[in-house]
Amino acid sequence: MRMVFRWFGEGNDHVSLNEIKQIPGTEGIVWALHEVPAGEEWPMDKINEVKEQADAHGLNIDVVESVNVHEDIKLGLPSREQYIENYKRTIEKLSKVGVKVICYNFMPVFDWLRTDLAKEMNDGSTALFYEGSKIHNIDPLDLVKKIGEDSSMTMPGWEPERLAALNELFHAYKDVTEEDLWENLRYFLEEVIPVAEQHDIKMAIHPDDPPWPIFGLPRIMTNKENIERLLSFVDSPYNGLTLCSGSLGANPANDIPSMVRSFADRIHFAHIRNVKIFDNGDFIETSHRTQDGSIDIYDVVKAYHENGFTGYARPDHGRHIWDEECRPGYGLYDRALGIMYLWGIWDSLERM
Ligand code: CS2
Ligand code: MN
């Protein structure tokens, strides 16, 4: 297991490379050019800049998260051709600085979705929270309209400045079914995986978070069966996975340790974190510790260990603790604690 830590870039992250370097057993940053819009080719000088910054701290830049997929690719529009071409050129450029894994996702419109970014827990810490009743059976176009009239209803991802774009996107997806999304994913992979192979970069899809359809938008990276289907589209190690325990684990029917055991040779990047699922299906992110949530993190790590996992791993999100001011889910303290928990389990397994 090779430990890495997500970093949003100079001036874009309150965590410094010095701090990351001091987390035991952490060898690299997980990075992206967040200022480049989805679909555009990444500029080489900006890529080199990150490489120089990381080099100066002895950290590697082997893992990129994410090279985002343009909505037109997910929608299967004719304009996808240009965006796929740009994606291939970005892969080629990233290989020049030694990138080994590209994490991406195929979720329409939203990436991860929560209803509260700072839900207070009993110990005074806060964490990302998902409350189903705020989302289930709601017509997104209705919601767009209501938020337009009353901004106190805003949720993460629904900021007033995004509403016009959201409205348009929801319309674009109106007739897109799950099967359409599968076909568009297949098309993308058939184009991109050969280029990834040629440049020795593993593509690693991130599961949907939460792993079920939201607002009538299809979501397909949600369970074991669907992951098997994805892997069969292009049967190559370069068509691989980012296995995110917290994303998939929000559905109690997903047995994460068993997925790790089944897909071990196709997992290039492990995202490890815990969530606590309530009886009504709502969930909150917790510390990494097994006892604090619903996922058996000990067994997840054990499954990786049993399989001699040599891929990259990172603590996924963390809580906000010790009054840290940070990006939701991306504080330094709780993620660093998470790393120590993961190493604690790993190191004792090594001794057994
Ligand atoms: C997720 C995503 O793993 C995570 O932190 O919350 O934001 C993830 O980075 C993307 O889905 C990967 O494409
Ligand atoms: Mn994740």
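Helices, of at least four residues, and strands, of at least two, are DSSP runs numbered from the N terminus. In this predicted model, eight strands form a closed barrel with parallel pairing. The largest pocket holds about 1,300 Å³ of space. Salt bridges come to 25 in the count.

**The barrel**

- The strand order around the closed barrel is S1-S2-S3-S4-S7-S8-S9-S12.
- From one strand to the next, the twist averages 30°.
- Strands of a sheet pair through backbone hydrogen bonds, in either the parallel or the antiparallel sense.
- S4 pairs with strand S7, residues 202-206, over five bridges in the parallel sense.
- Tyrosine 104 stands opposite isoleucine 205, which is in S7.

**The largest pocket**

- A probe the size of a water molecule, rolled over the atoms, shows where empty space is left.
- The lining of the largest pocket is made up of 49 residues.
- Nearest the centre of this pocket are Asn68, Asn105, Phe110, Asp111 and Trp112.
- Two or more lining residues come from each of helix H3 (71-75), helix H4 (80-96), strand S4 (101-105) and helix H6 (163-172).
- S4 gives the largest share of the lining, three residues.
- The lining divides by class into 24 nonpolar, 12 polar and 13 charged residues.

**Salt bridges**

- Glutamate 65 and arginine 6 meet through their side chains in a salt bridge, at 3.3 Å from N to O.
- Glutamate 65 lies in strand S3 (residues 60-65) and arginine 6 in strand S1 (residues 2-6), so this pair ties together parts 59 residues apart in sequence.
- Buried means under 20% relative accessible area.
- Glutamate 65 has a relative accessible area of 5%, so this residue is buried.
- Arginine 6 is buried as well, with a value of 12%.
- Both residues belong to a network of salt bridges that links Arg6, Glu65, Arg114, Asp209, Arg273, Glu285, Arg314 and Asp316.
- Within helix H4, glutamate 92 and arginine 89 lie three residues apart, about one turn of the helix.
- The closest N and O atoms of the salt bridge between glutamate 92 and arginine 89 are 3.0 Å apart.
- Glutamate 92 is partly exposed at 25% relative accessibility, and arginine 89 is partly exposed at 28%.
- Glutamate 131 forms a salt bridge with lysine 134, with the closest N and O atoms 3.9 Å apart.
- Glutamate 131 counts as partly exposed at 24% relative accessibility, and lysine 134 counts as partly exposed at 40%.

**Backbone details**

- Most residues other than glycine have a negative phi, and most peptide bonds are trans.
- A cis peptide bond joins glutamate 65 to serine 66, with omega about -5°.
- Serine 66 sits in the loop between S3 and H3.
- Another cis peptide bond runs from aspartate 209 to proline 210, with omega near 0°.
- Proline 210 is in the loop between S7 and helix H8 (224-233).
- Valine 109 has a positive phi near 65°, though this residue is not glycine.
- The loop between S4 and strand S5 (116-120) holds valine 109.
- Valine 109 is buried, at 9% relative accessible area.
- Aspartate 200, also not a glycine, has a positive phi of about 55°.
- Aspartate 200 lies between helix H7 (178-198) and S7, in a loop.
- At 35% relative accessibility, aspartate 200 is partly exposed.

Note on methods
Residues numbered from 1 in each chain as written. Chains lettered and ligands numbered in written order. Predicted model: local features only at pLDDT ≥ 70, side-chain atom pairs only at ≥ 80, totals over all residues. Heavy atoms only, no water. 1 Å grid on protein atoms, 1.4 Å probe; cavity = no way out; pocket = protein on both sides within 12 Å on 5 of 7 lines; lining within 4 Å. Points joined across faces, edges and corners; volume = space filled by probe spheres on them. Nonpolar A, V, L, I, M, F, W, Y, C, P; charged D, E, K, R; others polar. Salt bridge = Lys/Arg side-chain N within 4 Å of Asp/Glu carboxyl O. Buried < 20%, exposed > 50% of the residue type's maximum accessible area, 1.4 Å probe, protein only. Pairing = 2+ DSSP bridges. Axes fitted to C-alpha atoms, helices over the stretch in contact; angles between N-to-C directions.
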